[in-house]
Number of protein chains: 2
Amino acid sequence: MRSVSIVGIGQSPVGELWNRSARHIAYDAVSAAMRDANIETASALFLGNMLSGSLLDQEHLATLVADFCGLHGIEAAKIEAACASGAAALRIGTMAVASGFHDVVIVAGVEKMTDTVGKDTTAGLASAADAEYEALHGVSFVGLNALLMQRYMYEYDVPIDAFAGFSINAHRNGANNPNAMFQEAISLADYVKAPIIATPINIMDSSPVCDGAAALVLVPTERAHEFTRGHQRGAVQILASASANDTLAVHSRKDPLFLLAAQTSCQRAFRQAGLTLDDINLFEVHDAFTIMSALSLEATGFARRGEGWRMAHEGEIGINGRLPISTMGGLKSRGHPVGATGVYQIVELVQQLTGTAGANQVRNARIGMAQNIGGSGATIVTHILGS
Amino acid sequence: MRSVSIVGIGQSPVGELWNRSARHIAYDAVSAAMRDANIETASALFLGNMLSGSLLDQEHLATLVADFCGLHGIEAAKIEAACASGAAALRIGTMAVASGFHDVVIVAGVEKMTDTVGKDTTAGLASAADAEYEALHGVSFVGLNALLMQRYMYEYDVPIDAFAGFSINAHRNGANNPNAMFQEAISLADYVKAPIIATPINIMDSSPVCDGAAALVLVPTERAHEFTRGHQRGAVQILASASANDTLAVHSRKDPLFLLAAQTSCQRAFRQAGLTLDDINLFEVHDAFTIMSALSLEATGFARRGEGWRMAHEGEIGINGRLPISTMGGLKSRGHPVGATGVYQIVELVQQLTGTAGANQVRNARIGMAQNIGGSGATIVTHILGS
């Protein structure tokens, strides 16, 4: 199996991009990544996207984006794994290069969730859950996470503002990210007075509905130098790529407060890379909701069960903390255009590992991890990158 | 790169399966393929599907199907490339095994297009075209193909019943396939009097809206014997897997009557396999509409331009003809559950290449080709298999 490296990154700003349709937003990211890697074409495009069918009446999106980017005669496929679609696409791009089927592959993620005339974005997001056994009974995706958060607070006797630290950290970091949707810091007071959207989740616990796209260029590591000549950054190697699933419906799990698939995919990734938790310098978590950050830190082993929130409460997750997370704002502040999020996480890891993260640069960042979660923990994809 | 073989196949009957939801239909195919390969689990499931988001309010379908099949802790992702989703999933499963990331992979395709309460299947199918530049103006997917057929008849001065041979052949073969939606032969008179659905396409030119699922088990060729012990069939090797795209919108193509992506992906496949057209014993074409069969035979080089229909007219495509096509009924008679079709084609090729195709067995079938088309020729995936 060939080693795979990332030699180009691109991203669109995240926000309510009412003057750009999905193809334009994807073009912005893909063309930026292609310029970054000094390439004029590629032999494949794997595109993470969740909602184009239900919100845009547009399937066949990967070929549409390839076409709009001038990439004809190549392989193109859309990869969907709910909110983990972006990282699932990266995994497939990695296999495409590792296998020798392709030498130069573009992996992108795009989501257009706002300005979707006549469509219901909340219903679209609920399609990440079990339509027949969860959504049909009226539970929204926020609602499912609210049930988990409520249960967590009950089981571990945790106060309502225990999760504030995740949101404050994300906004502090997002303030320095020119592509973030929310570029302003918030205080504990802002968190406490934030309106509730699904008890106990308030609007500061929840990532926003938004539009955005991100893209990567992958090549065999042995050829990476050809693409990074004269570049301020070097290539970043994909040290591990692993995925695991769990039951789709939360009610089917033995323990809804333990993200079994996060543990499984993380352990697989560590075995592939020959690394341990102690080797990780920063961790891009899937902070779609603050409860997901806590559960993710616990399942991956960075925190003990019931204590994930303490890492945020005690300042361990800041840029200069023990384990920086959401370093460019995370899903909460950079934004969560669902099918693109897993690719944004990797773009930001590449920035960190190549010393180009600006004001949010984590010092001596050599090895970073990203975890992208689909549904309420049903598909979890973990990547470890090294510079 | 490791060679990859198919050691298990499974399929559900195709039809209006009103008493089975998507997960049940997929389970029928996946569990049959697992029994066929004597496996109790796998490490990945790649699932071709196009319409679950728009018709079933269900994304995250691959993890849902894996969950329902008892496959937990594995990788699962849905692969979407419109009506080429099934073959696109096979390509990705092939890369997953070839790369060494996985040893035992299930590739499946499923589509549930009937009994979708409150949803518009015709609008869903139009999402294979360009939503903003084609579908928005009212052209349906059948409509696009009707424009192509009309143009073909004009350019090549071809009579209205020139295409009848494709439909008659498909139905003759489907009559012997217990899983086919339509198991009865039709005559030229049946074709001629069939109602028009979009001039000049009549109902016998068009594949049906239906439900179905098919599945494959892939392993490294060097391990295939472990899975086929005591089996009436041997394994079938994937000799080539290639994909190419074209512009999504038909109006953007220089020549709408030439399927450039069919030619490109076919030529790539022949290079990979080290074969030529003459080596192909049978060809599963993407006969969603009879015009697509003609265009596909021409672009791949089996017929001269403007003469693809003659192969059907002159009986060359029958089971005992020069190039048998649609040997188990094709999309027309077996049915076209869109995201599953590319996998059905491969299941049927495996039957032919292992001498288990029953009454429709092609004699001395050693090497077979399948081509799966997304949109009106915008994504075309070609596989060549050998026994």
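This is a predicted model: local features need pLDDT of at least 70, side-chain atom pairs count only at pLDDT 80 or more; totals for chains, interfaces and linings use all residues.
Which residue forms a salt bridge with Lys78(A), and how far apart are the closest N and O atoms?

**View 1. A salt bridge links Lys78(A) to Glu59(A).** The closest N and O atoms of this pair are 3.1 Å apart. Lys78(A) belongs to strand β3 of chain A, while Glu59(A) sits in the loop between α2 and α3 of that chain, so the pair ties together parts that are 19 residues apart in sequence. Over all chains, the structure holds 36 salt bridges.

**View 2. Strand β3 of chain A meets β3(B).** Stay with Lys78(A) for a moment: its bridge partner in β3(B) is Glu80(B). The two strands run antiparallel and are joined by three bridges. In chain A, the strand covers residues 75–80.

**View 3. A rotation of 180° superposes chain B on chain A.** The shift along the axis is 0.0 Å, and the RMSD is 0.0 Å. The two copies are thus related as by a two-fold rotation axis. The same surface serves both copies, with 100% of the contact residues of chain B recurring in chain A. To find the axis from chain B, look for Ser99(B): its C-alpha, at 1.9 Å, comes closest to the axis among the residues of that chain.

**View 4. The contact takes 61 residues from chain B and 61 residues from chain A.** Together the two chains bury about 4,600 Å² between them, and 53% of this area is on carbon and sulfur atoms.

**View 5. Six salt bridges are found across the interface of chain B and chain A.** In one salt bridge between the chains, Glu132(A) pairs with Arg23(B), and the closest N and O atoms are 2.9 Å apart. Polar contacts between chain B and chain A, counted for residues at pLDDT 80 or more, come to 36 residue pairs. On the side of chain B that touches chain A, the elements giving two or more residues are the helices α2 (52–56), α3 (61–68), α4 (85–98) and α10 (260–273), along with the strands β3 (75–80) and β8 (236–245). The residues of this side divide into 27 nonpolar, 22 polar and 12 charged.

View 6. Pro200(A) is found in the loop between β5 (196–198) and β6 (201–202) of chain A.

**View 7. Asp57(A) has a positive phi although it is not a glycine.** The angle is about 55°. Where is Asp57(A) in chain A? Asp57(A) lies in the loop between α2 (52–56) and α3 (61–68), and the loop between α2 and α3 also holds Glu59(A), the residue tied to Lys78(A) in the opening view.

Technical notes
Residues are numbered from 1 along each chain as its sequence is written. Chains are lettered from A and ligands numbered from 1 in the order in which they are written. Side-chain values use heavy atoms; hydrogens and water are left out. Copies are superposed by least squares on the C-alpha atoms of residues with pLDDT of at least 70 in both. Contact means heavy atoms within 4.5 Å. Buried area is the accessible area (1.4 Å probe) that two parts lose on being put together, summed over both. A salt bridge is a side-chain nitrogen of Lys or Arg within 4 Å of a carboxyl oxygen of Asp or Glu. A polar contact is a pair of N or O atoms within 3.5 Å; within protein, one must be able to donate a hydrogen and the other to accept it, and residues adjacent in sequence count only if both atoms are side-chain atoms. Helices (H or I, at least four residues) and strands (E, at least two) are DSSP runs, numbered from the N terminus. Ala, Val, Leu, Ile, Met, Phe, Trp, Tyr, Cys and Pro count as nonpolar, Asp, Glu, Lys and Arg as charged, and the others, Gly among them, as polar. Two strands pair if DSSP finds at least two bridges between them.
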